[in-house]
Amino acid sequence: RAAFKLFKHGISFLEDGHWTACYKLSLDLFNAAAEAACVINNGDAVKIYSDQVVAHAKFFDDKLNCLYCTTQVLRNSEKIADCCDSAVDLLSRIGEEPLRPLGDA
C-alpha cells in the first residue's frame, strides 16, 4: 500500500499537459500506480490509471502493462467472464489467433 500511495503522490505533482511535456515520467508513474493498485487488488484504481495510459500512450507497447493489469485485477476479483473477455481482447490486439473454446479438437 505504501508504494501505491507514493505513486499517487508523484502523480499529484504532475502539471497540466504532463503527457506532452513529461511523457516518459507520466507513463512510468501511471503504469507503476496501476501495477501497485493491481497488487493490492484495487480494481477501481487500476481502471483510473490504466484508462489514462490507454488514452495518452503514443505506442501500443506503452499500453501493454496497464492492459495486463486490468486483466489481472479482474482475475483476482474472480470476475472470470470479464477476465476472459479482457484476455481475448488483449491477445487479439497483439495479433494472436482467437482462442478456441475448451473441448474443441
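A residue is called buried here when its relative accessible area is under 20%. The views below are taken from a predicted model.

**View 1. Helix H3 and its buried residues.** Helix H3 covers residues 23-39 and is mostly covered, with 12 of its 17 residues buried. The buried positions of H3 are Tyr23, Ser26, Leu27, Leu29, Phe30, Asn31, Ala32, Ala33, Ala34, Ala36, Ala37 and Cys38. These buried residues pack against four other helices: H1 (2-12), H2 (18-21), H4 and H5. At 1.5 Å a residue, the 17 residues of H3 should span 24 Å, and this agrees with the 24 Å between its end C-alpha atoms.

**View 2. Packing of helix H3 against helix H4.** Two packed helices are described by the angle between their axes and the distance between the axes. For H3 and H4, the angle is about 150° and the axes are 8 Å apart. Angles over 145 degrees count as roughly antiparallel, and H3 and H4 are therefore roughly antiparallel to each other. The crossing of H3 past H4 is left-handed. On the H3 side, the contact is made by Tyr23, Leu27, Phe30, Asn31, Ala33, Ala34, Ala37 and Cys38. H4 contributes Ala45, Val46, Tyr49, Ser50, Gln52, Val53 and His56. Sorted by class, this contact has 11 nonpolar residues, four polar residues and no charged residues.

**View 3. Packing of helix H3 against helix H5.** H3 and H5 pack at an angle of about 15°, and their axes are 9 Å apart. This angle makes H3 roughly parallel to H5, and the crossing of the two helices is left-handed. Phe30, Asn31, Ala34, Glu35 and Cys38 of H3 meet Asn65, Cys66, Cys69, Gln72, Val73 and Asn76 of H5. By class, six nonpolar, four polar and one charged residues take part in the contact of H3 with H5.

**View 4. Asparagine 31 within helix H3.** Asparagine 31 is found in helix H3. With a relative accessibility of 12%, asparagine 31 counts as buried. Leaving aside residues up to four places away in sequence, asparagine 31 touches Val53, Asp62, Asn65 and Cys66. Asparagine 31 is among the H3 residues that make the contact with H4, and it is also listed in the contact of H3 with H5.

View 5. Asparagine 41 lies in the loop between H3 and helix H4 (43-56). Its phi is positive, at about 60°, although asparagine 41 is not a glycine. This positive phi occurs just after H3. Asparagine 41 is partly exposed, with a relative accessible area of 36%.

**View 6. Helix H5 and the residue that follows it.** Helix H5 comprises 13 residues (residues 64-76), which at 1.5 Å a residue should span 18 Å. The end C-alpha atoms of H5 are 18 Å apart, in agreement with that expectation. Buried residues in H5 are Cys66, Leu67, Cys69, Thr71, Val73 and Leu74. Just after H5, glutamate 78 adopts a positive phi of about 60°.

Key: Residues numbered from 1 in each chain as written. Predicted model: local features only at pLDDT ≥ 70, side-chain atom pairs only at ≥ 80, totals over all residues. Heavy atoms only, no water. Expected span 1.5 Å × (residues − 1). Buried < 20%, exposed > 50% of the residue type's maximum accessible area, 1.4 Å probe, protein only. Axes fitted to C-alpha atoms, helices over the stretch in contact; angles between N-to-C directions. Parallel < 35°, antiparallel > 145°, perpendicular 65-115°, else oblique. Left-handed = near helix turned anticlockwise from the far one by under 90°. Contact = heavy atoms within 4.5 Å. Nonpolar A, V, L, I, M, F, W, Y, C, P; charged D, E, K, R; others polar.
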